[in-house]
Amino acid sequence: MAVVGVLALQGSYNEHMAALRRIGVKGVEVRKPEQLLGIDSLIIPGGESTTMAKLANYHNLFPALREFVGGGKPVWGTCAGLIFLANKAVGQKTGGQELVGGLDCTVHRNFFGSQLQSFETELSVPKLSEKEGGNDTCRGVFIRAPAILEVGPDVEILADCPVPVDRPSITISFGEGTEEEEYSKDRVIVAVRQGNILATAFHPELTSDSRWHRFFLDMDKESPAKAFSALSLSSSSRDTEGLPKNKPFDLPIFE
């Protein structure tokens, strides 16, 4: 059976571990470089990205994380994990933070504003529905969330969402020598896939919808690095919408 690592430095790693348990998958907490050697895929959870970066530096994890991403095994970043995986991040604190990279996109670290601007919304996810069944929408939980401003040609957009009307206006500089510009589009990208990398600006682990975790697991069947053993999910464990029928008692989740 596949072994999924969850980077457990800070943030919502417990919630990802619980989501994996609900679908019968073994998850292991990862805090040291050597622990990456025994896993088939990796989830980088949401949290406070600057704090996570400091802790990753302290444990000398960045070289090992870059090697893991470059090796072709599936990696999924949620919220702060998305920032970690981006090749470029804007809207950062003075001095910025170190990134793992690998995902050809530009992320705004705090696109949706402060903690008070956190929100939930329904997202259109036809690709997720096509692959994992269920409705063609999912619940997106955005907590002081980032967003993807632009993507490279090899990046597949899986979901976008309307820009909230109460979001503070932001001015973006894309690098030295470039003029600053205000983000004026009425929608913004919040979920993408590029090869072995999946990234979401929201938190699927905080909902009862396990399709994103199954989608991530299915990615490894396509991975050139190593094929998973087939993950058998009994048909009785899914309802007509692709959600678990009988959820074991676990961490609180949003319905």
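## A buried arginine

R109 has a relative accessibility of 7%, so this residue counts as buried, the cut-off being under 20%. Keep in mind that the model is predicted.

What does the side chain of R109 make a polar contact with? Its partner is the side chain of E48, at 2.7 Å.

## The annotated binding site

The unreviewed entry places the feature "binding site" at G47, E48, S49, R109, I143 and R144. These positions span 98 residues in sequence, yet no two of their C-alpha atoms are more than 12.5 Å apart, so they gather at one spot.

You can find R144 in the loop between β8 (137-142) and β9 (147-151). Is R144 buried or partly exposed? With 34% relative accessibility, R144 counts as partly exposed, because that value falls between the 20% and 50% cut-offs.

Leaving aside residues up to four places away in sequence, R144 touches E48, N110, G113, S114, Q115 and S118.

## A covered helix

Now turn to helix α6, which runs over residues 211-219. How many of its nine residues are buried? The count is nine of nine, and the helix is mostly covered. Among the buried residues are W212, F215, F216, L217 and M219, along with R211, H213, R214 and D218.

Terms used
Residues numbered from 1 in each chain as written. Predicted model: local features only at pLDDT ≥ 70, side-chain atom pairs only at ≥ 80, totals over all residues. Heavy atoms only, no water. Buried < 20%, exposed > 50% of the residue type's maximum accessible area, 1.4 Å probe, protein only. Helix = DSSP H or I, 4+ residues; strand = E, 2+ residues; numbered from the N terminus. UniProt positions renumbered as here; feature names shortened; annotations may be inferred. Polar contact = N/O pair within 3.5 Å; in protein donor to acceptor, adjacent residues only side chain to side chain. Contact = heavy atoms within 4.5 Å.
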